[in-house]
Amino acid sequence: MKGLSIFALSYLVVSATAVKHELYKECKDSGFCLRNRYYAGKISELNTDAPYNIDPQSVAVLDRGIEGVILKDLPQGRQIPFQFELLLLKGDSIRFRVDEDRKNVKAGHGKVNVNRFDGTANAVFDDDPESKRLTLDLKVSKTKSGLLFNYGEKNSIRLELNYSPLKLTVSKDGEQVLVVNDKQFMNIEHYRAKEENADNINAELESDFDMFKDSFKDSKDDSLPLGPEAVALDATFVDFQHVYGIPEHADSFSLKSTVNTDAPYRLYNLDIFEYETDSRMAMYGQIPLLMGIKKDVSVAIFWMNSADTFVDIDKQASVNAHWMSENGLLDFIILTGDTPTEINTKFGLLTGNVQLPQKFALGYHQCRWNYLTEEDLLDVHSKMDENRIPYDTIWLDVEYTDKKKYFTWDESLFPHHIKMMEKLDETGRNLVVIVDPHLKTEYDVSDYVSKHNLAVNNVDAEPYKGHCWPGESIWIDSLNSKAQEYWTSLFQNSTKAFIGKQNNVYLWNDMNEPAIFNGPETSAPRDNLHYDNWEHRSVHNIYGKSFHELTYNALVERLRESTRQRPFVLTRAFFAGSQRTAAMWTGDNMAKWEYLKISIPMVLSLNAVNMPFSGADVGGFFGDPTTELLTRWYQTGIWYPFFRAHAHIDSRRREPYLFDEPYLSVMRDAIRLRYALLPTFYTLFRKSSLTGAPIWKPMAFEYPGDEKCLEVDDQFYLGDSGLLVKPVTEQGASSVDVFIPNDGQVYYDYTNGRFNEKALKVKSSGTFTKSVELKDIPVFVKGGSIFARQDRYRRSSKLMENDPYTIVVALDKNGAAEGSLYLDDGESFGYTEGEYADISFKATGGNRLVSTIKSGNGNYGKDHGDILIERIIIAGVENKVNSVIILADGKKWETQFVQNGSLFEIKLPNVDVASDWSIQLSSSVEHDEF
Ligand code: NOJ
């Protein structure tokens, strides 16, 4: 039980100190990391040949790819063979995979599966890994030193495999972009028994630190049954100055150099208590995709490994990355594209894209630990309405359960929970309840899980027991496919189920790193065993994902008969591929300004690696925000793709209606702006679900060729909507510095979601200072963009369904603009059968706007009648307009307008938003012909 009292207690009592470093391993405490850094240091220092080479005789070029053997030289002339394969994948990405034959590993390791874990690809890809492979019908040329081939669009990418030294060089359009194993840091610690260790080490290059034991104070019990098994590799991003990705870290968007520090970026899912900002420490989830961006070319490495991993970044004239993982295959994918967004699309072809959420999930989520009773919850519900603040979802944290036994209710606090859900449903509201992977021992759910071998086991193959919220607990082994059936039965769609037959109830999966209060690093012992006797060590980073997928699949079954068929699951732990089934949030931040600020690069990093449905706890989880901080956090939070306020159990109540004026109005206006822009958010999510494009588009993604854009991480574009947002994150700010890229575009001031009539255009590119008051949310619109809004206040997004639309047009210098609007029923899977309307808007010549349905049958499975456009606002109309003619539905008529300088408003055009129509602004008295 060591550690329980201190840790569980400190979770509840917010201390003034920050993260407890002593709880978590650094590189120097992790055998595999220290050894690989040591090895890299020796290779560089001695300038010696690395012991890994490809055996030229072994290489075979086959339809399925290139295969061969890498030989590792040991001191006494012995050689260890590793099988490699090089495959071409969908999207013209290259996979290089190295395995070790362990058939001859001797017995004596208990139950553990002795092979290198090969299941990470199954977890990551959205389909069978084999289906991702393209036939290698390319012309492969053999050279003296290796082989080479061209691939990709117009054969513009060239790959050279050099045998000795082992190197992979990728060039695009004749220029080198990536050299894998450039510095020869590749290392694979082959299997050896403890007593044979001395003969298996190259003493000149290797350290034997912690090969068979773990000296870190909380990990001393790790039996390390298979000894050292690390894999490592380096790659140089040639002539790149910036690399991005590998979240989750509370750090800048452009990654920092780590080589001369103690702290490489760490990727190991951890419940990091009171995390600090400006840190490379591991957090709750990981996506090991590292992307280099520069003008005309982007290149990325996806490190397909689910074990504890560190990445050293060395920034010189080029950036070199050194990956080090505790065990598993040496397996990685190289993605190459003209732009970073193309990398997202290619990564999406392999790992899938974010699923289109129900529209409600993009609304405002009201959460705290905890709404204490059903009266309390319904009181918040009514107060939001009394104060005319829209919200869509209210949340219940762990206290709703009977003694933290998931799938039960504390009946004394929530005696009428089904009625409570029905009450929420009356105004289209939803409830989210928490269910974690730890199961209190000795109740029917955990008994069933133990009895049917569905629990994570300890090294002796007995259900592992640890401590979490309920006290002594076991953990569901969601990596066991047999667990699904039982989990689904717990969520059954019946009056017997803990959430009854309600279809407005969704799920929150927390503590799924997994968090274990008395475990090493507050997580699971690495020698625990999962299905098929894989060590926890090998699957640690995919466990959380497997758990939220279990929940997602259970909800799919439960909602099968409902119109609200798309599940919603929020997860804290995640891995590549999580985007397909869950939203995530950035865990337990603090009610301090620096956490508001760091949330922006954190959400940008997640968007950059195909995990766009993300956000931070608005207000900060630990502590009490000042009213100013809370207000600024709402003004930032309305832009998070996932927008939820949450608070620790000991923090003061902070629902927005509790505050005096002007704060209440300012927070209300911010939330309403989010609701007004829901059509735009939903359209962007649709696009992301098809292409992997980010919802928060980093400046570097919009202008990869602009040096300054590669660095900016305190402002962002909202997808391709043209909205450029600069949140205020400084206490007492009376101004903000806004960076306008040098793209030759007009930028319009759209502060608070309204064009500024007095100062419509922001003058020039570069940084300018904008004055702000408390009420101000600095937003700009890039000329050339069109987006849609729904402006009427409703209590929830569901009640906005039939509301009229406003179309906002920001003309560029040539009077042109483009944009889109995606519509469907907002909740079912009908859109996958064509029940949607994808509408495209195009403005030309400063006087003409055309709307066209591009795809979809426009029938959303509901009889909603026409949904009208009530207003069109156009910025940048330079000529004096005399009349506005509408052509729609085969008819033509003139309509009212107001012109105020170059700001133009067409009132009540009254056309059906889901139809083809056009509008002509005429400057002459005679009407122009369409
Ligand atoms: C930890 C989560 O990060 C936090 O959001 C939640 O309130 C607590 N667990 C209690 O469930």
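Predicted model: local features only at pLDDT ≥ 70, side-chain atom pairs only at ≥ 80, totals over all residues.

Biologist: Which residue forms a salt bridge with Lys28?

Modeller: Glu26 does, with the closest N and O atoms 3.7 Å apart. Glu26 is partly exposed too, at 26% relative accessible area.

Biologist: How many salt bridges are found in the whole structure?

Modeller: The search finds 78. One of them joins Arg572 and Asp510, with 3.3 Å between the closest N and O atoms. Arg572 sits in the loop between strands S28 and S29, and Asp510 in the loop between strand S27 and helix H9, so the pair ties together parts 62 residues apart in sequence. Arg572 is buried at 0% relative accessible area, and Asp510 is buried at 8%.

Biologist: What about Asp720 and Lys697?

Modeller: Their side chains meet in a salt bridge at 2.9 Å, N to O. Asp720 is in the loop between strands S34 and S35 while Lys697 is in strand S33, so this pair links parts 23 residues apart in sequence. Here Asp720 is partly exposed at 44%, whereas Lys697 is buried at 10%.

Biologist: Which residues form a negative surface patch?

Modeller: Glu442, Asp444, Asp447 and Glu472 do. Patch residues need over 30% relative accessible area and no salt bridge. Glu472, in strand S26, is partly exposed at 35%.

Technical notes
Residues numbered from 1 in each chain as written. Heavy atoms only, no water. Patch = residues over 30% accessible without salt bridge, like charges linked within 9 Å, V, L, I, M, F, W, Y side chains within 5 Å. Areas by Shrake-Rupley, 256 points an atom, 1.4 Å probe, with all protein chains shown as cover. Salt bridge = Lys/Arg side-chain N within 4 Å of Asp/Glu carboxyl O. Lys, Arg positive; Asp, Glu negative; His and termini not counted. Charge placed at Lys NZ, Arg CZ, Asp CG, Glu CD. Helix = DSSP H or I, 4+ residues; strand = E, 2+ residues; numbered from the N terminus. Buried < 20%, exposed > 50% of the residue type's maximum accessible area, 1.4 Å probe, protein only.
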